[in-house]
Amino acid sequence: DDGKATAVFDLQPGGPAAGAGLQPDDLIVGWNASPVTTVESFHTLLLSSRIGEVVQIRVERDGQPMTVSVTVGGRPHSVPSSVTLPVDTTASASASASASA
């Protein structure tokens, strides 16, 4: 673990991520077997997945690790610009960046 993650800022109501139980301020640390260390790495993994594919997203919520299964839905035609956030995953953090699945 390099101490980086991507925080969920907002979820599309009724979207796959919200339906799977992801919540604002969850720290996304992995997508299947791949680490998620930046918003860009999250979007790359999302865009490389097939619509309808079930993926395992590893998150930390209030310092507790958990994995949720998410069925990949439709994606926006453009990826919003965002910032890379180094987040200490060993401590509670409230930093956030836009991410949706």
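**An aromatic pair and the strands around it**

The structure holds 1 aromatic pair. The rings of Trp31 and Phe42 have centres 5.6 Å apart and planes at 80°, so the pair is edge-to-face. The rule covers rings of Phe, Tyr and Trp (its six-membered ring): they pair if their centres lie within 6.5 Å, with planes under 30 degrees apart counted as stacked, over 60 as edge-to-face and the rest as tilted. The pair links distant parts of the chain, 11 residues apart. Trp31 sits in strand β2 (residues 27-31), and Phe42 sits in helix α2 (residues 39-47).

This is a predicted model, in which local features need pLDDT of at least 70, side-chain atom pairs count only at pLDDT 80 or more, and totals for chains, interfaces and linings use all residues. Residues are numbered from 1 along each chain as its sequence is written, and side-chain values use heavy atoms, with hydrogens and water left out.

Buried means under 20% relative accessible area, exposed over 50%, and partly exposed in between (1.4 Å probe, protein chains only).

Now the whole chain. The protein chain has 2 helices and 5 strands. From the N terminus, their order is β-α-β-β-α-β-β. Helices (H or I, at least four residues) and strands (E, at least two) are DSSP runs, numbered from the N terminus. Of the 101 residues, 38% count as buried. The accessible surface comes to about 5,500 Å², and 53% of it belongs to carbon and sulfur atoms. These areas come from the Shrake-Rupley method with a 1.4 Å probe; for residues, only the protein chains shown count as cover. Among contacts with a separation of 6 or more, 60% are between residues 24 or more positions apart. Contact means heavy atoms within 4.5 Å.

Back to Trp31, and across to the next strand. Trp31 stands opposite Ile57 in β4. Strands β2 and β4 (residues 54-61) run antiparallel, joined by 4 bridges. Two strands pair if DSSP finds at least two bridges between them. β4 is also joined to β5 (residues 64-71), by 8 bridges, and these strands run antiparallel. There, Val59 has Met66 in β5 as its bridge partner. β4 and β5 form a hairpin with 2 residues between them. Asp62 in the turn has a positive phi of about 55°.

Most residues other than glycine have a negative phi. Asp25 is not a glycine, yet its phi is positive, about 80°. Asp25 lies in the loop between α1 (16-20) and β2. At 43% relative accessibility, Asp25 counts as partly exposed. Asn32 is not a glycine either, and its phi is about 50°. Asn32 lies in the loop between β2 and β3 (34-35). Asn32 is partly exposed, at 31% relative accessibility.

One more residue deserves a look: Asp26, also in the loop between α1 and β2. Asp26 is buried, with a relative accessible area of 1%. What does its side chain reach? The side chain of Asp26 reaches the backbone nitrogen of Gln23 at 2.8 Å. Leaving aside neighbours within four places in sequence, Asp26 is in contact with Thr6, Ala7, Val8, Gly21, Val59, Glu60 and Arg61. Val59 is the residue that has Met66 as its bridge partner.

Technical notes
Polar contact = N/O pair within 3.5 Å; in protein donor to acceptor, adjacent residues only side chain to side chain.
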